[in-house]
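Subject: Structure handover

Hello,

Here is the structure for your files. My notes follow below it.

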Amino acid sequence: MRAKIRLDTMKDIRQFVAICTKVSVPVYITDGTGLKVSAKSILGVRYSMEFENIWCECDTDIYNQIEPFIIIE
């Protein structure tokens, strides 16, 4: 699963990390061009705020859990 997401505030980051921490498989935040950090790390997700675009990637479908953060284009 790959979805473009938006994280605007520290509250968003904390909520997103809390959701991803409950997922049993790895969840990543990427910029779409090769940079990748763990979505289970507050520091990693905070760093991703510097990315031009933010994508969530996971081998499992977690769309329903992260739906509030997904950007529908």
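**Contacts and fold**

Among contacts in the protein (heavy atoms within 4.5 Å) between residues at least 6 apart in sequence, 60% join residues at least 24 apart.

Some ground rules. This is a predicted model, where local features need pLDDT of at least 70 and side-chain atom pairs count only at pLDDT 80 or more, while totals for chains, interfaces and linings use all residues. Residues are numbered from 1 along each chain as its sequence is written, and side-chain values use heavy atoms, with hydrogens and water left out.

The protein has four strands and three helices. Helices (H or I, at least four residues) and strands (E, at least two) are DSSP runs, numbered from the N terminus. Their order from the N terminus is β-α-β-β-α-β-α. The radius of gyration is 11 Å, close to the 11 Å of the globule rule for 73 residues, so the protein is as compact as a globular protein of that length. That radius is taken over C-alpha atoms, and the rule is 2.2 Å times the number of residues to the power 0.38. Along the principal axes, the C-alpha atoms fill a box of roughly 25 × 25 × 20 Å.

**Surface and charge**

Of the 73 residues, 37% count as buried. Buried means under 20% relative accessible area, exposed over 50%, partly exposed in between (1.4 Å probe, protein chains only). The protein exposes about 4,600 Å², and carbon and sulfur atoms supply 50% of that area. Areas come from the Shrake-Rupley method with a 1.4 Å probe; for residues, only the protein chains shown count as cover.

There are 9 positive and 10 negative charges, with mean positions 7 Å apart. Lys and Arg count as positive, Asp and Glu as negative; His and the chain ends are not counted. Each charge is placed at NZ of Lys, CZ of Arg, CG of Asp or CD of Glu.

**Cysteines**

The structure holds zero disulfides (pairs of cysteine sulfur atoms within 2.5 Å). For Cys20, the nearest cysteine sulfur is that of Cys56, 5.1 Å away. Cys20 is buried at 0% relative accessible area. For Cys58, the nearest cysteine sulfur is also that of Cys56, at 6.5 Å. Cys58 is buried too, at 4% relative accessibility.

**Ser48**

Where does Ser48 sit? Its place is the loop between helix H2 (42–47) and strand S4 (55–58). Ser48 is buried, with a relative accessible area of 0%. Not counting residues up to four places away in sequence, Ser48 touches Ile29, Val37 and Ile54. Asp31 is 17 residues from Ser48 in sequence and 7.7 Å away in space, C-alpha to C-alpha.

Best wishes
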